[in-house]
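This report describes selected geometric features of the model shown below. It treats helix packing, pockets, backbone angles and a few individual residues in turn.

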Amino acid sequence: MLELLTRHWVAGAVFMAAALLALVPLLAADWPLALLLIFLHSPGYMIHQVEEHTGDRFRSFVNTVMFGGREALTTIDVLWVNCGAVWGIDLIALYVAWIAGPAWALVAPYLMLVNSLGHIGPALRFRGYNPGLVTGIVLFIPLGLVTVLTIPATAAQHALGFGLSLLLHIVIAANAIRRARSAGLAKA
């Protein structure tokens, strides 16, 4: 089952994003704008994942370009990060926004904003496109900024959202670096 998911989750993301976006007119009729904005991060992220992971492009880019051919990211890593962590965090954020208030769900927009920087940095460093760069710029930055600027929140709530999203990206990067080092030692 895991192998099936690693091969086909991106196709599922296409259909899930379309289904979630089809709900927006219904939700917009009754939901406050702040809650709707938090909701939009799930299909927004799925659209990004389609650009990023179709044909295993991002994993191949990271392993080949950023880690010199060493396997820093596995297909299982990609599945767990995207379907487990990202979809899970965005779903939890939506429920937190509904129960405790949208200001406590700022992890969703900060996840997008931090991720966009994770695409812009390598684009500048390697002087070219990397999978996910376009949606990171044209989708993540506007939606993330509009959400952060629209939802009234305390400095602590912003720090929590930013801190959690930064922590997730640090854990992902640390795991990739650890695996690449292990692969490099195995080759030596």
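Axes are lines fitted to C-alpha atoms, for helices over the stretch in contact, and angles run from 0 to 180 degrees between N-to-C directions. Helices (H or I, at least four residues) are DSSP runs numbered from the N terminus. The structure is a predicted model, in which local features need pLDDT of at least 70 and side-chain atom pairs count only at pLDDT 80 or more, while totals for chains, interfaces and linings use all residues. Residues are numbered from 1 along each chain as its sequence is written, and side-chain values use heavy atoms, with hydrogens and water left out.

## Packing of helix 2 and helix 6

Two packed helices are described by the angle between their axes and the distance between the axes. The axes of helix 2 and helix 6 cross at roughly 170° and come within 10 Å. Helix 2 is therefore roughly antiparallel to helix 6, a term that applies to angles over 145 degrees.

Contact means heavy atoms within 4.5 Å.

Two residues of helix 6 may be considered individually. Leu139 lies in helix 6 and touches Gly44, Ile47 and Val134, leaving aside residues up to four places away in sequence. The C-alpha atoms of Leu139 and His48 are 7.9 Å apart, although 91 residues separate them along the chain. Gly144, also placed in helix 6, touches His41, Pro109 and Leu113, with residues up to four places away in sequence again not counted. From Gly144 to Gly69, 75 residues apart in sequence, the C-alpha to C-alpha distance is 33 Å.

## Pockets

Rolling a probe the size of a water molecule over the atoms shows where empty space is left. On a 1 Å grid over the protein atoms alone, a pocket is an open set of points where a 1.4 Å probe fits, with protein on both sides within 12 Å along at least five of seven lines; lining residues have an atom within 4 Å of a point. A volume is the space filled by probe spheres set on the points.

The largest pocket holds about 570 Å³ of space. It is lined by 29 residues, of which Phe58, Asn115, Gly118, His169 and Ile172 are the closest to its centre. Helix 2 (33-53), helix 3 (57-66), helix 4 (75-99), helix 5 (107-126) and helix 7 (155-187) each give two or more residues to this lining. Helix 5 gives the most, with eight residues. The lining of the largest pocket divides into 19 nonpolar, eight polar and two charged residues.

The second largest pocket has a volume of about 200 Å³. Its lining consists of Thr6, Arg7, Trp9, Val10, His53, Thr54, Gly55, Asp56, Thr75 and Val78. Helix 1 (2-30) and helix 4 are the elements that give two or more residues, and helix 1 supplies the largest share, four residues. Three nonpolar, five polar and two charged residues make up the lining of the second largest pocket.

## Backbone angles

Most residues other than glycine have a negative phi. Asp56, in the loop between helix 2 and helix 3, has a positive phi near 60°. Arg127, in the loop between helix 5 and helix 6 (133-150), has a positive phi near 55°.

## Accessibility and spatial neighbours

Buried means under 20% relative accessible area, exposed over 50%, and partly exposed in between (1.4 Å probe, protein chains only).

| Residue | Relative accessible area | Class |
|---|---|---|
| Leu5 | 40% | partly exposed |
| Asp56 | 23% | partly exposed |
| Gly118 | 43% | partly exposed |
| Arg127 | 77% | exposed |
| Leu139 | 23% | partly exposed |
| Gly144 | 0% | buried |

Gly118 is found in helix 5. Its C-alpha lies 8.7 Å from that of Gly136, 18 residues away in sequence. Leu5 belongs to helix 1; Leu5 and Cys83 are 78 residues apart in sequence and 9.7 Å apart in space, C-alpha to C-alpha.

Key. Ala, Val, Leu, Ile, Met, Phe, Trp, Tyr, Cys and Pro count as nonpolar, Asp, Glu, Lys and Arg as charged, and the others, Gly among them, as polar. Angles under 35 degrees count as roughly parallel, over 145 as roughly antiparallel, 65 to 115 as roughly perpendicular and the rest as oblique.
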